[in-house]
Amino acid sequence: MSKQNNFRKQVKSFYSILVVAFVMVLLIGVLGVTYMMDPSAFSSKKDSPNSEVVNVTPDNDDWDKIENGIHLRTGFKDGEGLMTVVNNCTNCHSAQLVIQNRMNEERWIETIRWMQKTQNLWDLGENEKVIVNYLVTNYPPKSKGRREALTNIEWYPLEE
């Protein structure tokens, strides 16, 4: 009889473990579905006054503001054709990408053709000349030579 009672106890404990595991899986499933339906339901900042999504855009006065010869929103230098470049180039990529790629007129035109062929850049029409002139004038190629000496570096000895 004791073998039979021992077996029953083992079955009951196994059954209890299965019930607990089923309840846990069910609870995780309900929480997962709830999260998929409304992720903000689990946000601890729900009652916070700052929890609303706020569209932060500069005032119209600051949108195209230029200080010290720099267009603040993009970092472009002020010059003839600036807004044409801003309106055509920064729709697809960062102004920093344009600034770092210093090229001559021929290379800029090749790059524009490549973007038109492979990146779906629209036909720039009369704006192409304005854009290229702005870029060549304000971001011409630099003769680099050797790189500048590194400064403000803490050197450490290599162990052998």
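**Reading salt bridges and helix packing**

Biologist: I've spotted that the side chains of Arg-113 and Glu-128 meet in a salt bridge, at 2.8 Å from N to O. What can pair when charged atoms come close?

Modeller: The general idea is that side chains of opposite charge can do so. Keep in mind that what we're looking at is a predicted model. In the case you picked, Arg-113 belongs to helix H5 (residues 105-118) and Glu-128 to helix H6, so the pair ties together parts 15 residues apart in sequence.

Biologist: Is Glu-128 buried or exposed? And what about Arg-113?

Modeller: Glu-128 has a relative accessibility of 13%, which counts as buried, because the cut-off for buried is under 20%. Arg-113 comes out at 40%, so it counts as partly exposed.

Biologist: How many salt bridges does the structure hold?

Modeller: Three. One of them joins Arg-73 to Asp-64, with the closest N and O atoms 3.0 Å apart. Arg-73 is partly exposed at 34% relative accessible area, and Asp-64 is partly exposed, also with 34%. Another links Glu-67 with Lys-65, where the closest N and O atoms are 3.3 Å apart. Glu-67 is partly exposed at 37% and Lys-65 is partly exposed at 33%.

Biologist: Now the helices. What describes two packed helices?

Modeller: You quote the angle between their axes and the distance between the axes. For H5 and H6, the angle is about 130° and the axes are 10 Å apart. The two are therefore oblique to each other, and H5 passes H6 in a right-handed crossing.

Biologist: Which residues make that contact?

Modeller: From H5, they are Glu-105, Trp-108, Ile-109, Ile-112, Arg-113 and Gln-116, and from H6, Glu-128, Val-132, Leu-135 and Val-136. Sorted by class, that's six nonpolar, one polar and three charged residues.

Biologist: At what angle do H3 and H6 pack?

Modeller: About 110°, with the axes 9 Å apart. That makes H3 roughly perpendicular to H6. On the H3 side you have Leu-82, Thr-84, Val-85, Asn-88 and Cys-89, and they meet Asn-127, Val-130, Ile-131, Tyr-134 and Leu-135 of H6. By class, this contact has seven nonpolar, three polar and no charged residues.

Biologist: Why is H3 described as largely enclosed by the rest of the structure?

Modeller: Look at burial residue by residue. H3 covers residues 82-89, and six of its eight residues are buried, so the rest of the structure largely encloses it. The buried ones are Leu-82, Thr-84, Val-85, Val-86, Asn-88 and Cys-89.

Biologist: What covers those buried residues of H3?

Modeller: The cover includes strand S1 (66-67), strand S2 (70-71), helix H4 (95-100) and helix H6 (127-138).

Biologist: Which residues is Ile-99 in contact with, leaving aside its neighbours within four places in sequence?

Modeller: With those set aside, Ile-99 is in contact with Thr-74, Gly-75, Phe-76 and Tyr-139.

Technical notes. Residues numbered from 1 in each chain as written. Predicted model: local features only at pLDDT ≥ 70, side-chain atom pairs only at ≥ 80, totals over all residues. Heavy atoms only, no water. Buried < 20%, exposed > 50% of the residue type's maximum accessible area, 1.4 Å probe, protein only. Helix = DSSP H or I, 4+ residues; strand = E, 2+ residues; numbered from the N terminus. Contact = heavy atoms within 4.5 Å. Salt bridge = Lys/Arg side-chain N within 4 Å of Asp/Glu carboxyl O. Axes fitted to C-alpha atoms, helices over the stretch in contact; angles between N-to-C directions. Parallel < 35°, antiparallel > 145°, perpendicular 65-115°, else oblique. Nonpolar A, V, L, I, M, F, W, Y, C, P; charged D, E, K, R; others polar. Left-handed = near helix turned anticlockwise from the far one by under 90°.
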